[in-house]
Amino acid sequence: DSLPLRYFNIKAPFGALFLYLCFAVMQKQFPIGVFDSGYGGLTILKEFVARMPEYDFIYLGDNARAPYGNRSFETVYEYTLECVQQLFDMGCRLVILACNTASAKALRTIQQHDLPAIDSQRRVLGVIRPTSEVVGRLTATNQVGIFATSGTVNSGSYEIELEKFFPHIKVFQEACPMWVPMVEYNEFDKPGADYFIQQHINRLLNKSDEIDTIILGCTHYPLLLPKIKQYLPPHIKVIAQGEIVTDSLMDYLQRHPEMDNMCSKNKSLSFFTTDSTAIFDEHAAIFFGQEVHSVHIHI
């Protein structure tokens, strides 16, 4: 897939996307953009593709500047806006921030401040609100735990969203700074991961013995789910975001047929990374569950 196209001095995957976008613009239909700072958003995209296979998706990972978890609000907002604009430039009218940190630190500002200036017809959606909307029907004790990155925990975004929908629910958060590196370095199923998983589970459950539902507030964490369940009491439910966010996106498109009509449906899937494509492809296959071929893009 590195052969040059006849009329474009671009490598074939990017050239094919270019031709496809030209056709899409003529048809006034566009792919859905999916953004994450790294690889975790691929667990969301995997669910999108499984349940919405007819839609076209472009995935962009800002791997060169990842992780976002410990960066300031200002930096995460700046990086996220740049990547959203890149996806807009690639033809997307709808972009999903498949990243809890970006959703926590950048989404609201982009929605309220930037989109009206860029294009009031475009939309950017996140993963925190959809997850928060379903928690109330899952907990019996009204005490919910959250595992997340330091950035997501410090933002208080889950507490804010849950307060809107379920003010009676008590929220207990636990930042897990080692969990993302464990996953990205392919150590998530190794014995060394057990210590860090058990440590954070114990810390969270020590905050309340009535927690009966836990949100995995990072899209990397589903890969740790088998080990997390190993150390959790069996009565505690664990919520991974892929299925929930997909339900939310499908519902959104059903409620907004004008946006759904703008979404192209050719079963196309493209991957872009701001870092090495070889490294991205190797790691992405773990998250996406199948072989991935990416194209490098500079932002």
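# A tour of salt bridges and a helix crossing

Start by selecting glutamate 174, which is buried at a relative accessible area of 5%. Keep in mind that this is a predicted model.

**Stop 1: from strand E6 to helix H10**

Glutamate 174 sits in strand E6 (residues 170–175) and arginine 203 in helix H10 (residues 192–207), so the pair ties together parts that are 29 residues apart in sequence. Glutamate 174, in contrast, is buried.

**Stop 2: from helix H3 to a loop**

Next, select glutamate 82 and arginine 65. They form a salt bridge whose closest N and O atoms are 2.8 Å apart. Color helix H3 (residues 73–89) to find glutamate 82. Then show the loop between strand E2 (57–61) and H3, where arginine 65 lies. The pair therefore ties together parts that are 17 residues apart in sequence. Is arginine 65 buried or exposed? Arginine 65 is buried, at a relative accessible area of 15%. Glutamate 82 counts as partly exposed, at 30% relative accessibility.

**Stop 3: within helix H6**

Move to helix H6 (residues 128–135) and pick out arginine 129 and glutamate 133. The two lie four residues apart, about one turn of the helix. Their side chains meet in a salt bridge, 3.4 Å from N to O. Arginine 129 counts as partly exposed at 42% relative accessibility. Glutamate 133 also counts as partly exposed, at 33%.

Now extend the selection to Glu161 and Lys164. Together with Arg129 and Glu133, they are linked in a network of salt bridges. For the whole structure, the count of salt bridges is 14.

**Stop 4: H6 against H12**

Stay on H6 and bring up helix H12 (residues 241–255). The axes of the two helices come within 9 Å and cross at roughly 100°. That angle falls in the range of 65 to 115 degrees, so H6 is roughly perpendicular to H12.

Which residues meet here? On the H6 side, select Pro130, Thr131 and Val134. On the H12 side, select Gln241, Ile244 and Ser248. How many residues of this contact are nonpolar, polar and charged? Three are nonpolar, three are polar and none is charged.

Conventions. Residues are numbered from 1 along each chain as its sequence is written. This is a predicted model: local features need pLDDT of at least 70, side-chain atom pairs count only at pLDDT 80 or more; totals for chains, interfaces and linings use all residues. Side-chain values use heavy atoms; hydrogens and water are left out. A salt bridge is a side-chain nitrogen of Lys or Arg within 4 Å of a carboxyl oxygen of Asp or Glu. Buried means under 20% relative accessible area, exposed over 50%, partly exposed in between (1.4 Å probe, protein chains only). Axes are lines fitted to C-alpha atoms, for helices over the stretch in contact, and angles run from 0 to 180 degrees between N-to-C directions. Angles under 35 degrees count as roughly parallel, over 145 as roughly antiparallel, 65 to 115 as roughly perpendicular and the rest as oblique. Contact means heavy atoms within 4.5 Å. Ala, Val, Leu, Ile, Met, Phe, Trp, Tyr, Cys and Pro count as nonpolar, Asp, Glu, Lys and Arg as charged, and the others, Gly among them, as polar.
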